[in-house]
Structures are given as C-alpha cells and as structure tokens.
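Try each one yourself before you read the solution.

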Amino acid sequence: MTRKSFVRASVLLTFLVVILQSVWALSMPAFRGPDEPHHVNSIMRVASGNGWPEPGDAIVDTKMIVAGREAGIITPGANDFTTRNRTRLLHGSPINQYFADTPVVPHDRRASIYPVEVAAEGALEVDQMTQHPPLYYAGGAVVVKIFDLEEAPWDRLLQVLRLYGIVLTIPVVPSFIYTARRLGASRRWALLAGFIPLSIPQLFGTSGVVTNDTLAIGAGAIVMAAIAKAGTERISAKTVALVGVSLGFALWSKGLLLALGLPLILVFMLAKNEPWKKRILATLVAGVSALAIGWWWILNIIRYGVIQPAGYHRDPPADWDPAFADFSHFFTIAFRTFTNSFFSSFGWLEGNFPEIITLVLLVVMILAVLWSIIKAGRGRKTYLILLSPFVGLVALLYLQGWSNYLSTSVVAGVQGRYLYPSIVAFAGIVLGLRYFGRWGYRLSVLYAVGVGAFGYLWMIRSSYPGAVWVDMDRMAFVVGVSVPVLTIALTIYVITNIAIVLVGLGWAQKANQPDAADQIEYEPVAVVSAPESHEDPSATEVYGSDAVDQGDQSWQR
C-alpha cells in the first residue's frame, strides 16, 4: 500500500464514520444527551451577547424549559431538568413516565430559544456549564450566527449544533490510524485501528449530541497522536511544540484534559538515549507551553483558589451522616455506572445494554489491551505512556466520586465517557490483533461494526419502542422530519455500515502481506542505537513515521 493510497483510505474511513455519527445525531431525541439543555443554553446565551458569567450565576432560561416541555424531555409542568422531572427511556430506570408515552409538540409549533439571558425572570435551575472554558460555546455561538439560527425552532437549531460537535470529533479516526502506525503497525493494520471507535457505541451517542465533550474528544485525539509521535522520535523542537501546543489548545475544552499532562511528562522524561538535561528541558518547555496556552485553569486558581470551581451546589439529605457511608455500596454503583456509560447508557445515562453484554464488551476490551501490551514489541513503552491517562483518570474519578458521596450521599460523576479524550490510546490494540492474520482482521472489522450497529438499534429501541422494534411514525414525529426522509436516513446508515464492512474486508485480503512501502520506502527519522557486530541486525531500533517492528514479523507469515 503506497503512502497516497494509505491517506486516501484513511480519509474514506473517516468520512464513512462521520456519516454514521450524523445519523446518530439525527436519531437521538432532543436534549437527551447528558446536560444537553445546559450546553444549548450556554451557547445561546453567548450568541445573545450575554457572555460567560461567574460559575453558579448563570440560570437556565425559561425558553429552554419551554423547549424541554415541547420535546418531552421533562414532564408537563416541570420547571427544571433535574432527575425528578425528566422522562425516561425504555431501558432506563422507571423513575418517571416514559418518554415514549409523553406528548411532543409538532415541528411546525416548536419554539425558538433566543435570546437567552444570564438570569431570566422566573428561571430557577443553575446552568453549571460556566465552570468550563468558553471556547466550545463561543464556537457554537458563531455557528448560530453564521447559519442565522436565532429564530429557528429548537429542533433545527439542535441538529445544526450537533453537526458542529461532530465536526470537532473528526480528528478521532485519523488519530487512531496515525497512532497505530507510529506504534509500529503496517499501513493496512494501522487502518484497522480506525474501526475501533465503532466498537464503543456510546462514543457515537456522546458525539451525536450538543456537549463540550465533542471538543474534548477531538482535541484529546490530537494530543494523543502528538504524544505518539514524540514517543517514537528523538526529542526535537518540533515534537516539544506539537505536544505542548496541542495540549494547551485541548485544555480549553474541559478540566479532564489536565490528565494528559501525565503522558506529556512521561514521554519526554523516559525518552531513550537522551541526556537528562534535554529530557527535563523538553518536559518543562512542553508543560509550560501547555499551561500558558490553556491559561484558563491558572486563572481559576487566581480567582477562586481551585482548578475548577463547582458549577452548582448539591445539598445532602437532612438526615445524611458521612458515617453512614458504605464503600462497597459506593463502589458497586460507581463501577456499574462507569462501565455502562462507557459502552451504552444512551440518553441521559439511560438505555443501558443488558448487563451480560456490557460485561462481555468490557472483558473483550481488557483482554485485547493486555494481549496488545504483551505483543507490542518496540512500541510497548510509548503504548504504555499513551495508556497512562486511563489509570490516572479512573483513580481521580473514583476519588472525586467518593468525596462527593461523603458530602451528598449521591454517587455521581463516575462516568466512562470521561475517558474518551484519551481513547486514541486504544489504537495500540492492533499490535496484538495483527498476530491473528487475515482472520483476525476480518473478525475485528465484523465485531466493531456489529457492536456499533447493535448500539444504534438499542438506542432507537430505547427512545422509540414499537410493536416490532421501533415506532417509525413516532421517531419521525419527534425528530421533526417526514417518515420518507427518516427512511432515507436509516437506509444511508445501513448502506454506510455495509460499505465499512466491505472496505475492511478488502483491506484484510492483503493484511498478511508486508507492504513494499513499509520495507523499502520509509526513511527513518533517527537510528537510536546501532547494533554491535555480535548483535542481530534486526534488533536495530528505528523511530519514524514509517518505522515498523522489524524484529518480529511472525504476524506477517
């Protein structure tokens, strides 16, 4: 596979994935993503010229409440989007009435959400989004202005803003492919890494709604790709700048991206055959650059004395005593919430997969990661560095969740989607899959597409349950399009999945054959250590964009 055909293949797969994301965005009920009404409220407040208030000062505008009632996300007469007022999807806990049984206003009668005030008269619920940097919201406001959506009904506004978020996540698939290539996979096997996001349906559920997670996911993917590059080259001004600048930009999405400071430190401090002075200087320059560019968090410390102030305050029950805290109870709920929300929990942490399916998906992913670490070869150190944010984030989320539980009695904030900015690290899974040859490639493609399609079917079943599977009339009515238009969209979804499978199976045909380009065309950036005369020449460590693990090619035979 030539470099040009490799790039074209990467672009094709990225385009096909964007089509799937777009159908997800069209299909998800309005305001159903976690805190989606609040994200929309903040975007529209900025578009209305009312800026970025202090954390806790912004209130969800009454126009958003009207839109929420019209969309059926909250029960009739409700004045906020809290749990006690939200309708439930079919596979969610039956706390309130089901969304499927809730009236939704027809498209031609849906209101607009403009202008949005900081604290409109009669508004009650805090818009906690001002605890985040304003970049995502400012971008959304620009989209509103460019497409003249101020007076548009909320369903059309929502669809455009969801597409805006999808655009922000476009770097994900290319970053998966690039990172796998950097870690030592051949071009065809690197392309397989681009299928991995399909096996995490909630990634599509998250990128298909209005949320600042989309900026975090796209920017995080770029950071991980930059770290992969830095881990497979000698330290240079270019790699230091790429890592520092990309992380600095990513810090303008949300505070969780601070966790990517760990691989930044590790990738330079653990650089092989570099003097310690150079390692320390590279770490300091990249780190200071990231903090200088992403200065929002330093400003928070200056203004509020904390890295991220709380967006709102939750009072504990009157009879709550931290002495009642039960760690086993906390961990059970936190683990279930974390794993469910990584793979499913479509809607507002609803629509969970059956427990056995979530368990199987989790075990498959863990085994794939462990096997790939064992078989990673010379890419192992960089691969482990890329995986390091997961360890830090999981520990941080559980510690924060436990602290919140002690204070409020509520187990909250332990969600699997918070790992998505680092998800490109899973590109290294192909380092293990390649040992299974063509059949491993084929089965991986079918597994990823199959899980993704099942996730989509589960989401629309949860949202629009029908006698057979889905109530098409209800789905079209809620989305605000005609049944024929919806049918076309679903047909496109099916055709795109078939195209992805055919493309993947086509690439699998020659997966066992070494690419001529891999063995002849590459020009290594640097030879880190030349073998002595008594060593096996195949042990030479080569780092570069086309570097392959020449020491073990048993997977090609």
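**Exercise 1. The ends and packing of a helix**

Which residue caps the N-terminal end of α20? Then find what follows this helix and what its buried residues pack against.

Solution. Keep in mind that this is a predicted model.

Step 1. The cap is Asp471: one of its side-chain oxygens lies 3.2 Å from the backbone nitrogen of Asp473.

Step 2. Helix α20 covers residues 472-479, and Gly480, with a positive phi near 95°, follows it.

Step 3. Arg474, Met475, Ala476, Val478 and Val479 are the buried residues of α20. They pack against four helices, namely α1 (3-27), α5 (154-168), α19 (437-463) and α21 (483-509).

Step 4. Look again at Arg474: its charged end sits over the ring of Phe99, 4.9 Å from the ring centre.

**Exercise 2. Rings and charges**

Decide how the rings of Phe331 and Phe335 are arranged, then look for other places where rings take part.

Solution. Step 1. Aromatic pairs number 31 in this structure. In the pair Phe331 and Phe335, the ring centres are 6.1 Å apart and the planes meet at 15°. Planes under 30 degrees apart count as stacked, so this pair is stacked.

Step 1. Both residues belong to helix α14 (residues 327-343), where they are four residues, or about one turn, apart. An α-helix has 3.6 residues a turn, so residues three or four places apart point the same way.

Step 2. Check the accessibility of each one. Phe331 has a relative accessibility of 38% and Phe335 has a relative accessible area of 39%.

Step 3. Elsewhere, ring pairs join Trp24, Phe204, Phe346, Phe353, Phe454, Tyr456, Trp458 and Tyr493 into a cluster.

Step 4. A charge over a ring can be found at Trp276, where the charged end of Arg279 sits 4.3 Å from the ring centre.

**Exercise 3. A pocket and its lining**

Which helix gives the most residues to the lining of the second largest pocket?

Solution. Step 1. The volume of the second largest pocket is about 480 Å³.

Step 1. Its lining consists of 19 residues, and those nearest the centre are Phe338, Leu362, Ile366, Leu419 and Phe426.

Step 2. At least two lining residues come from each of α14, α16 (355-374) and α17 (380-408). With seven residues, α17 gives the most.

**Exercise 4. A buried arginine**

Is Arg162 buried or exposed, and which backbone oxygens does its side chain reach?

Solution. Step 1. Arg162 lies in helix α5. Its relative accessible area is 0%, so Arg162 is buried.

Step 1. List its contacts, leaving aside neighbours within four places in sequence: among them are Met28, Phe31, Glu36, Ser207 and Val210.

Step 2. Now turn to the polar atoms. The side chain of Arg162 reaches the backbone oxygen of Ala25 at 2.8 Å, and the backbone oxygen of Pro29 lies 3.0 Å from a polar atom of that side chain.

Technical notes: Residues numbered from 1 in each chain as written. Predicted model: local features only at pLDDT ≥ 70, side-chain atom pairs only at ≥ 80, totals over all residues. Heavy atoms only, no water. Phe/Tyr/Trp six-rings, centres within 6.5 Å; stacked < 30°, edge-to-face > 60°. Buried < 20%, exposed > 50% of the residue type's maximum accessible area, 1.4 Å probe, protein only. Lys NZ or Arg CZ within 6 Å of the ring centre and 35° of its normal. Contact = heavy atoms within 4.5 Å. Polar contact = N/O pair within 3.5 Å; in protein donor to acceptor, adjacent residues only side chain to side chain. 1 Å grid on protein atoms, 1.4 Å probe; cavity = no way out; pocket = protein on both sides within 12 Å on 5 of 7 lines; lining within 4 Å. Points joined across faces, edges and corners; volume = space filled by probe spheres on them.
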